[in-house]
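Please open the structure in your viewer and keep the selection tool at hand. The stops below say what to select next and what can be found there.

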Amino acid sequence: MKTAEKGLLLVLSAPSGGGKGTVLKELFAQDENLRLSVSATTRAPRPGEVHGEQYYFISREEFEKMIESGGMLEHAQYVGNYYGTPKAPVEKWLDEGRDVVLEIEVQGGQQIKKLCPDCVSVFLLPPSMEVLEKRLRGRGTEEDAVVQKRLGAAREEIPHAQEYDYIVYNDRLEDAVADVQAILRAEKRKYSRNRDCIERVLENAETQ
Ligand code: 5GP
């Protein structure tokens, strides 16, 4: 049976080091209808990051131009840099029926909730602040001052988890992935997303 035609917009937030990347990698490996929005940022690429893959790495000037021209769906400043979601690909994918993931921090999440109230928001919660710090340090790509800033940002972000539709506890990867998949599945079966289906079933019954 046909379900909702427009794709679903999933906002996924977690503090930096919260393991979003690993969960997303697994989700994408298992769901070919899912698309990841590639954000733009003014922060410098980390070793191994490629322009157009993890982010579009652009200057502050270019970023501000994109905001002014209405090219960003949302944007925020995080630890001294701009981050934002380019609007065009997200709209195109949703129209094509693809589900789109925005992997963004909480200020961006708040903007998306206002703009698209039918989006689904998930906050990925690390098991503890100690685990979060270990993951951030283990990454080995940031200086101590940056790790401290990111931990500070995490302490401010975690209380915002209460603004999200769902909390997923990111302790075991398989459980976290299964939880997000279950959320997507259940959200697609919501009545509000399936009104047309009911009408279609009734129309078919009348023409038979
Ligand atoms: P990182 O520098 O570790 O890649 O990302 C820092 C934070 O920015 C993370 O919480 C990440 O989710 C968030 N972020 C990445 N892209 C965007 C975006 O397009 N918009 C917003 N608001 N946050 C983003």
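Predicted model: local features only at pLDDT ≥ 70, side-chain atom pairs only at ≥ 80, totals over all residues.

Residues are numbered from 1 along each chain as its sequence is written, and side-chain values use heavy atoms, with hydrogens and water left out.

**The cores**

Select Leu10, Val23, Leu27, Val101, Val122 and Val168, which touch the most other members among the 18 residues of the largest nonpolar core. A nonpolar core is a set of buried Ala, Val, Leu, Ile, Met, Phe, Trp, Tyr and Cys residues joined through side-chain atoms within 4.5 Å. Buried means under 20% relative accessible area, exposed over 50%, and partly exposed in between, with a 1.4 Å probe and protein chains only.

A second, separate core has 16 residues, including Val90, Val100, Leu102 and Cys119. Returning to Val101, show its contacts (heavy atoms within 4.5 Å); leaving out residues up to four places away in sequence, Val101 touches Leu10, Leu12, Leu24, Phe28, Leu34, Arg35, Leu36 and Ser37.

**Helices α1 and α7**

Next, display α1 with α7, whose axes come within 9 Å and cross at roughly 60°. Axes are lines fitted to C-alpha atoms, for helices over the stretch in contact, and angles run from 0 to 180 degrees between N-to-C directions. The two helices α1 and α7 are therefore oblique to each other, since angles under 35 degrees count as roughly parallel, over 145 as roughly antiparallel, 65 to 115 as roughly perpendicular and the rest as oblique. Where they meet, Thr22, Val23, Glu26, Leu27 and Gln30 of α1 face Leu173, Ala176, Val177, Val180 and Gln181 of α7 in contact.

**Helices α5 and α6**

Move to α5 (residues 129-139) and α6 (residues 144-157), which pack at an angle of about 150° with their axes 10 Å apart. In this contact, Met129, Leu132, Glu133, Leu136, Arg137 and Arg139 of α5 meet Asp144, Val147, Gln148, Arg150, Leu151, Ala154 and Arg155 of α6.

Which residue has a positive phi although it is not a glycine? Select Val79, where phi is about 45°, in the loop between β5 (72-78) and β6 (81-86). Most residues other than glycine have a negative phi. At 27% relative accessibility, Val79 counts as partly exposed.

Asn170, in the loop between β9 (166-169) and α7, counts as buried at 5% relative accessibility. Setting aside neighbours within four places in sequence, Asn170 is in contact with Gly18, Gly19, Val23, Leu124, Leu125, Pro127, Arg135 and Ala176.

Finish at Gly7, in the segment before β1, which is buried with a relative accessible area of 14%. Not counting residues up to four places away in sequence, Gly7 touches Leu94, Gly97, Arg98 and Asp99. Gly7 and Asn33 are 26 residues apart in sequence and 9.0 Å apart in space, C-alpha to C-alpha.

Key. Helix = DSSP H or I, 4+ residues; strand = E, 2+ residues; numbered from the N terminus.
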